[in-house]
Amino acid sequence: MPKPFKPSVTLTDNDVTDESIYFNRRTLLKSMGFIGASTLLANSASAAGWFGDDKEDTPSRTQPLDFTQPAKYQIEETRTPQHKVTTYNNFYEFGTSKDAPAKRASEFQTTPWTLTVDGMVKNPITLDHNALTTRFPLEERIYRLRCVEAWSMVIPWVGFELASLIKQADPLMSAKYVAFETLYDPKQMPGQRNRFTGGGIDYPYVEGLRLDEAMHPLTLLSVGLYGKTLPPQNGAPIRLVVPWKYGFKSIKSIVRITLTDKQPPTTWNRLASNEYGFYANVNPKVSHPRWSQASERRITSGGLLTRNRIATQMFNGYDEVAPLYANMDLTRFY
Ligand SMILES: Nc1nc2c(c(=O)[nH]1)N[C@H]1C(S)=C(S)[C@@H](COP(=O)(O)O)O[C@H]1N2
Ligand SMILES: [Mo]
């Protein structure tokens, strides 16, 4: 069992900054009346796994995956240990604290599952649970994940390019955007039952990309991590991964993908449009209104007190996407 987290008086300035950011994002929700003061103070990352122990955690419900495609994207940076990837999560459907999803999603049922691709397409597609991992060849992609809260991880995903799925659906010429929707199932997702436990989000969680962003070869539909199917807390059975954008774009547990000619609404933009834009490209020069985005805390195998603050890179280091935004003012389109 994870021990309760106690804020430490020995935190370095760097760590304090990270904690402040974390509390600040929640302070917004609190000020809007969605989180009680006691919750705000009581919940933080659980201490388990944060003091340097490197135990391998293999969630029992995950299954090995076959991925034979050679990996196209490799990076040299140290991978975030699996037990941190699976216990430090944002998945507000299961609660707003970092350790809630791992605990409260453990019984999440993902079978049967249906992922529908519809809207402005010539060939609507429905994938059942089995098709998610068998219809397209799977490959491993090691990507950085940069949360808007200024922490980051390096995660070995398993999945396939979103472009492969969209091509099969055969978009109409008029399609310009892609809208994504998470499962709405308040019986299974406690955060969807009331606005207080779900962080004030108007569920289902929705996200969107421009069609050219969705078709970019870096944009992944992930069905696994660390060689196995996704644990529920990471967005089982299928989630988006857009590595050059802040983590909130990488929507989890997707049931619907809709091609459209209008920019779709997105969850965090709806909640606070001055803080979270539609584009949400990682950009060290464009601060969040309440904190800098110039650097980030890389979550590695070290404990909470490890110094691991690194500079944030433009587009999270994925420069190849720059042409997508060639004539755009990224201060305005944040
Ligand atoms: N449906 C849904 N998708 C979501 C979220 C969420 O709360 N609900 N949180 C987002 C945020 S803020 C981040 S940083 C990533 C975290 O993914 P991970 O827990 O797999 O690291 O998921 C994103 N996708
Ligand atoms: Mo995030």
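Trainee: Which residue forms a salt bridge with Glu77?

Mentor: In this predicted model, the test is a side-chain nitrogen of Lys or Arg within 4 Å of a carboxyl oxygen of Asp or Glu. For Glu77 the closest N and O atoms of the pair are 3.0 Å apart. The partner is Arg144.

Trainee: How many residues apart in sequence are the parts that this pair ties together?

Mentor: Glu77 and Arg144 form a salt bridge. Glu77 belongs to the loop between α2 (37-42) and α3 (82-85), and Arg144 to strand β3 (residues 139-146), so the parts tied together are separated in sequence by 67 residues.

Trainee: How many salt bridges are there by this rule?

Mentor: The pair Glu77 and Arg144 meets the rule. By that rule the count is 15.

Trainee: What share of the accessible area of ligand 1 does the protein cover?

Mentor: Ligand 1 sits in the largest cavity. On its own, ligand 1 has 540 Å² of accessible area, and the protein's cover amounts to 99%.

Trainee: How many charged residues does the shell around ligand 1 have?

Mentor: There are 17 residues around ligand 1, and Asn89, Tyr92, Glu93, Ser250 and Lys252 come nearest. By class, seven in the shell are nonpolar and six polar, and the charged ones number four.

Trainee: Where is the proline whose cis peptide bond has omega near 0 degrees?

Mentor: The peptide bond from Thr111 to Pro112 is cis, but with omega near -5 degrees. The bond with omega near 0 degrees runs from Ala236 to Pro237. Pro237 is in the loop between β8 (228-229) and β9 (239-241).

Trainee: What is the phi of Ala280?

Mentor: Most residues other than glycine have a negative phi. Ala280, in the loop between α8 (267-271) and β11 (295-298), is not a glycine, yet its phi is positive, at about 55 degrees.

Conventions:
Residues numbered from 1 in each chain as written. Chains lettered and ligands numbered in written order. Predicted model: local features only at pLDDT ≥ 70, side-chain atom pairs only at ≥ 80, totals over all residues. Heavy atoms only, no water. Near = heavy atom within 4 Å. Areas by Shrake-Rupley, 256 points an atom, 1.4 Å probe, with all protein chains shown as cover. 1 Å grid on protein atoms, 1.4 Å probe; cavity = no way out; pocket = protein on both sides within 12 Å on 5 of 7 lines; lining within 4 Å. Sits in = over half its atoms within 2 Å of the grid points. Nonpolar A, V, L, I, M, F, W, Y, C, P; charged D, E, K, R; others polar. Helix = DSSP H or I, 4+ residues; strand = E, 2+ residues; numbered from the N terminus.
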